[in-house]
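Thanks for coming. Please look at the sequence and the structure on the screen, and I will then walk through them piece by piece.

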Amino acid sequence: MITLIFFLVVAVALLALLLVLDPRTEGAEGSARALLQARDALHTLQLDLLALNLVQNIFSPNDWKYVSANAPVEIQNLFMEERRKIALDWVGEIRLQLICLQHFHRRHARHFVNLKISTELALAFDFALLRLQCRALALLLRLRGPYATPYIAGKTIAAAIRVCAISGQSFAFLAPATSPIADHSAGNGAAA
Amino acid sequence: MNPSSRHEHVRAASRDLRLRTLSQYPNPLGRLIYLASLRDYNSGLYYHDGLASRFSEEAACEALADSHREAYRELLSSSLEDIVAQLEGYMLSTGRDSYEFLSAWKSLRPYQVAIPAETNPLAAEFLFSNLKIALAILESRSRTSPRVEPAASQPLPLAR
């Protein structure tokens with residue numbers, strides 16, 4: 001009797017594990033939703049978070065030079081606190097969007113596009129490395145402020161741009177729907 | 001109206017807006033505040049009677065929305081030093097007492113509702129942070145320098 005119960009428990013556990021690990025459990029609708037979320041994440045990364053102007057302005061020391069030469073100490077402290085917060089929010093947001101993209105590649109990408117196994121493996125490694133870099137950068141930003149880590153910040157940005165470019169291949173088949181003309185009219189309508 | 005002629009119409013409206021109206025606002029911050037004031041907060045649509053009568057309501061709305069986004073992008077890529085100068089220029093252009101202006105901007109934060117729709121929250125946060133610091137810098141300057149009286153109460157410059 002005990003043996004029977006044991007095997008039943010093992011069978012139920014294996015079944016549960018199968019359900020958790022099976023990517024098909026989310027169904028076609030889940031995959032489509034994940035695709036759209038991942039595409040939005042990629043757009044947010046490429047057009048907003050990794051936009052050269054924004055990144056340069058957050059991490060460039062020119063503003064700090066101006067504040068330290070022209071403002072009293074309490075404003076210098078306020079500036080450092082604000083920039084540290086913005087830089088940390090930036091890293092946190094990059095990490096969140098990367099997690100969304102990584103989730104898509106791990107569970108759903110193969111339904112939409114045939115990336116080579118070697119590319120998928122390289123991408124998985126890059127994602128893992130990039131998330132580690134983001135954690136290290138966040139720690140350094142917390143400990144030493146926004147201007148003490150230009151090397152790691154630069155490396156993280158370069159790696160994120162590279163990963164986005166590879167990941168973008170998965171969305172190439174959506175390109176006609178996101179042509180500049182379509183984007184322009186949609187953007188105006190939404191904003192207006 | 002086909003898409004290309006509609007696009008031409010909007011471009012013409014944008015050109016007209018730049019030449020007739022926005023040229024009065026020399027910096028992106030002034031343009032941002034002005035263009036935000038033309039937006040109806042209940043619908044998100046922009047209105048400008050003169051522009052709408054010359055072109056169409058839709059073209060005017062799109063041209064205003066485009067210019068608003070452009071002013072926002074320009075302001076976002078400005079350095080802090082530039083933002084301080086823009087804010088000071090805008091403050092002087094309102095003709096308000098600097099103390100009154102800075103207090104109102106610090107407490108009401110009008111810039112938070114002046115950004116275009118659908119902007120990246122982090123980029124907007126970055127701009128708000130820069131404006132907060134710019135306000136603090138101007139406030140500390142106004143404490144150490146003589147108070148600027150409102151332009152309306154200043155004597156007119158002597159004619160040459």
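**Two chains, seen part by part**

Chain B is divided into domain 1 (3-68) and domain 2 (80-146); the bounds of a domain come from an automatic or database domain assignment. Before I go on, this is a predicted model, where local features need pLDDT of at least 70, side-chain atom pairs count only at pLDDT 80 or more, and totals for chains, interfaces and linings use all residues. Residues are numbered from 1 along each chain as its sequence is written, while chains are lettered from A and ligands numbered from 1 in the order in which they are written.

Let me stay with chain B. It has seven helices and zero strands. Helices (H or I, at least four residues) and strands (E, at least two) are DSSP runs, numbered from the N terminus. Reading along the sequence of chain B gives α-α-α-α-α-α-α. The C-alpha trace of chain B spans about 60 × 45 × 30 Å along its principal axes.

How much of chain B is made up of buried residues? Of the 160 residues in chain B, 36% are buried. A residue is buried if 20 or more other C-beta atoms lie within 10 Å of its own, exposed if 12 or fewer, and partly exposed in between, with the C-beta atoms placed from the backbone.

Next, contacts. Two residues are in contact if their C-beta atoms, placed from the backbone, lie within 7 Å. Among the contacts in chain B with a separation of 6 or more, 79% are between residues 24 or more positions apart.

Now back to the two domains. The C-alpha centres of domain 1 of chain B and domain 2 of chain B lie 24 Å apart. Where they touch, 10 residues of domain 1 of chain B are in contact with nine residues of domain 2 of chain B. On the domain 1 side, helix 2 (28-37) and helix 4 of chain B each supply at least two residues. Helix 2 of chain B gives the most to that side, with six residues. By class, the domain 1 side has six nonpolar, four polar and no charged residues. For these classes, Ala, Val, Leu, Ile, Met, Phe, Trp, Tyr, Cys and Pro count as nonpolar, Asp, Glu, Lys and Arg as charged, and the others, Gly among them, as polar.

On to helix packing. Two packed helices are described by the angle between their axes and the distance between the axes. The axes are lines fitted to C-alpha atoms, for helices over the stretch in contact, and angles run from 0 to 180 degrees between N-to-C directions.

Helix 5 of chain B and helix 7 of chain B pack at an angle of about 65°, with their axes 9 Å apart. Their crossing is right-handed. A crossing is right-handed if the near helix is turned clockwise from the far one by less than a right angle, and left-handed if anticlockwise. Helix 5 of chain B contributes B:Leu80, B:Ile83, B:Val84, B:Leu87 and B:Glu88 to the contact, and residues including B:Asn130, B:Leu131 and B:Ile133 come from helix 7 of chain B. The residues of this contact divide into 10 nonpolar, one polar and one charged.

Helix 4 (residues 62-70) of chain A and helix 5 (residues 73-107) of chain A pack at an angle of about 160°, their axes 8 Å apart. That makes helix 4 of chain A roughly antiparallel to helix 5 of chain A; angles over 145 degrees count as roughly antiparallel, under 35 as roughly parallel, 65 to 115 as roughly perpendicular and the rest as oblique. The crossing of these two helices of chain A is right-handed. A:Trp64, A:Val67 and A:Ser68 of helix 4 meet A:Ile75, A:Gln76 and A:Phe79 of helix 5. Four of the residues in this contact are nonpolar, two are polar and none is charged.

How many residues of chain B are in contact with chain A? There are 26, in contact with 26 residues of chain A. Helix 4 (57-76), helix 5 (80-94) and helix 7 (121-144) of chain B each supply at least two residues of that side. Helix 7 of chain B gives the most, with 10 residues. The side of chain B that touches chain A divides into 14 nonpolar, six polar and six charged residues.

Last, two backbone details. Most residues other than glycine have a negative phi. Phi of B:Arg109 is near 45°, a positive value, and phi of B:Glu118 is near 55°, also positive. B:Arg109 is in the loop between helix 6 (98-108) and helix 7 of chain B, and B:Glu118 lies in the loop between helix 6 and helix 7 of chain B. B:Arg109 is partly exposed, because 14 other C-beta atoms lie within 10 Å. B:Glu118 counts as exposed, because it has 10 C-beta neighbours inside 10 Å.
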